[in-house]
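Let's take a friendly walk through a protein model together. Please keep the sequence and the 3D view open as you read.

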There are 2 protein chains.
Amino acid sequence: MSLSQAVLNQDRLALSRLLTRVENDSEEGRAALNELFPHTGKAHLIGVTGAPGTGKSTLVNQLALHYRKAEKRVAIVAVDPSSPFTGGAVLGDRVRMRDLYGDKGVFIRSMASRGSLGGLAQTTAAVVQVFDAAGFDVILIETVGAGQAEVDVARLAHTTLVVEAPGLGDDIQAIKAGILEIADVLVINKADRPGVENTERALRGMLELAHPTRRVFQHHGQRMVVDAPPKAEEQQPIWVPEIKRVTAKDGIGIAELGETIARHVAFLRAGGEWAARERAQLQATFDALVQEKLFSQFLAKLSPEGYDALISKIVARERSPWEALEEVIQ
Amino acid sequence: MSLSQAVLNQDRLALSRLLTRVENDSEEGRAALNELFPHTGKAHLIGVTGAPGTGKSTLVNQLALHYRKAEKRVAIVAVDPSSPFTGGAVLGDRVRMRDLYGDKGVFIRSMASRGSLGGLAQTTAAVVQVFDAAGFDVILIETVGAGQAEVDVARLAHTTLVVEAPGLGDDIQAIKAGILEIADVLVINKADRPGVENTERALRGMLELAHPTRRVFQHHGQRMVVDAPPKAEEQQPIWVPEIKRVTAKDGIGIAELGETIARHVAFLRAGGEWAARERAQLQATFDALVQEKLFSQFLAKLSPEGYDALISKIVARERSPWEALEEVIQ
């Protein structure tokens, strides 16, 4: 039986082997991705990102338990762009192991950055495709940090949670400005800590900056949205990021967060956004394959000596990179 | 007079205009980069990276003052991959303005992430080339965070400082594992704070993990390096990252840090590493130009309708991305 067939049969050992081959971008991994591709497109991909210290791993763990209660199969992909470790469960594994170890409906995979970031996003996309084909209903993609890696991974996900926590300092909140734009749900974890009101106020202020056509008020638990006059092309409903407080270590607020996520899925499906995100994702995968192929064809045509000689001319300032480009590309 | 000629004449207004054009990747910006290219390759590029709260901006400010005392012209490029703001001096600008405002020998530019990260690294490289051609002797490239952006920017720099500070928590130190590998100098800022011993001990432990062939001891201020038996190809001297304590807000330790940086430059020049880094950087610039050109040629050959139809087949799972690639690339 082929590796991909074994994965479709939910063989965990085969799944683990295939993931390693996909991460290493081996021939066999690519062939299997090709075979699995028709079986993809069913899973709900949830991105979870936030700064260190916000308790992302605990939250992801609790969300996995939440979906397990509904008998959904759950995969966790923990992406750490700054870690040199890949394979197995490294990130927050102890916390996870306690509640999830031995559960056949859960599969945890840690990934790290090897090579370029484009490479990491592409590899994560491929790993997610394998889980999708293998019949996992929910795929939680966890990223650490607040950089471009998170934005790239968010492009993969249908629903993106950005996690905050009280008392991490103004500096950490400031770095979030760009990350906020990718948030579908803002989760304030460790909501039992002092300062939670300040964190929520700060996030609400930043949300208003990021979504200037909407003003959202929270008034005695009642959510009020006031529209600026919409432009003609903005008539369809838009999703205003919701702010949810949870205390993940005690499981508090997780069910409510699950409801919010379900509401977001319904919104995506109703408005055609689900299909649009999937198309954009597949297009990015295809574009990356084309670019890689074109460049390897280019390098094959130019001899290694010819390429080195050209770079040497650039280093010697005899050609600018743009002049060198003119020289080799017609 | 052309914009690039005005930049070579150190016209600040022209410089500011050209930077905007380069950031927007305009035709005129590209043409000017082409004209300026023969004048590049003289500046010393220093990357400064670290987590939020480590006081990077203050440190960069102090280093700028340090080099100004030696009459060197200093450019500061502040790269914030998570910020939506570009242009002008946004990042830590108040601190900088106080000491550096009005000094014609200093130019500060803030950049943010627009488009892909590859794009950000490429744009930063182009901005640095402009400063280099304009005769700035030292270019300080400051990045926020701990992700791939920092690693990419570090590839630009001749010397990379990674900044830490006591009391930021274990979590933030843990995320540094990957970042440590790019450090030429580890700077412990805010060294007047409690916990500085712990921070230094933690960094030293991580250094030993990252550089397992060397063991470095600090004994009564004496630096001792014990070699594991070197392999044949490792006979040339290697640079062991140094750990320096500073209190940037009071200017303490800055002169000593400047000496360490000067020692690193001497090391790079003596061993041929300076030239190797420059070549790798120019090669990356050239490769990115080639890839971009090849892909735009590909899109031009395939009609927009043909491209959309192909993506639609992938979305419908009638073709895998790999099969679609076979179809369009011979």
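## Before we start

This is a predicted model, in which local features need pLDDT of at least 70 and side-chain atom pairs count only at pLDDT 80 or more, while totals for chains, interfaces and linings use all residues. Residues are numbered from 1 along each chain as its sequence is written, and chains are lettered from A and ligands numbered from 1 in the order in which they are written.

## Chain A as a whole

Chain A holds 14 helices and nine strands. Here helices (H or I, at least four residues) and strands (E, at least two) are DSSP runs, numbered from the N terminus.

Of the 330 residues in chain A, 43% are buried. A residue is buried if 20 or more other C-beta atoms lie within 10 Å of its own, exposed if 12 or fewer, and partly exposed in between, with C-beta atoms placed from the backbone. Two residues are in contact if their C-beta atoms, placed in that way, lie within 7 Å. Taking the contacts in chain A between residues at least 6 apart in sequence, 76% join residues at least 24 apart.

## One face of a helix

Which residues of helix α3 in chain B are buried? In this helix, residues 27-36, they are G29(B), A32(B), L33(B) and L36(B). Seen down the axis of α3(B), these buried residues fall within an arc of 105° (taken from the directions from the helix axis to the C-beta atoms), so they line one face of the helix. An α-helix has 3.6 residues a turn, so residues three or four places apart point the same way.

## Where the chains' helices pack

Helix α13 of chain A (residues 304-315) packs against helix α12 of chain B (residues 273-301) at an angle of about 110°, with the axes 10 Å apart. Axes are lines fitted to C-alpha atoms, for helices over the stretch in contact, and angles run from 0 to 180 degrees between N-to-C directions. That makes α13(A) roughly perpendicular to α12(B); angles of 65 to 115 degrees count as roughly perpendicular, under 35 as roughly parallel, over 145 as roughly antiparallel and the rest as oblique. I311(A), I314(A) and V315(A) meet E278(B), R279(B), L282(B), Q283(B) and F286(B) in this contact.

From α12(A), the contact includes L282(A), F286(A) and K293(A), and from α14(B) it includes P321(B) and W322(B).

H66(B) sits in helix α4 (residues 56-69) of chain B. Is H66(B) buried or partly exposed? It is partly exposed, because 18 other C-beta atoms lie within 10 Å. Leaving out residues up to four places away in sequence, H66(B) touches I254(B), A255(B) and G258(B).

Most residues other than glycine have a negative phi. E71(A), however, has a positive phi near 65°. E71(A) lies in the loop between α4 (56-69) and β2 (74-80) of chain A, and it counts as exposed, with 8 C-beta neighbours inside 10 Å. R317(B) is not a glycine either, and its phi is positive at about 60°. This residue, R317(B), belongs to the loop between α13 (304-315) and α14 of chain B, and its 13 C-beta neighbours inside 10 Å make it partly exposed.
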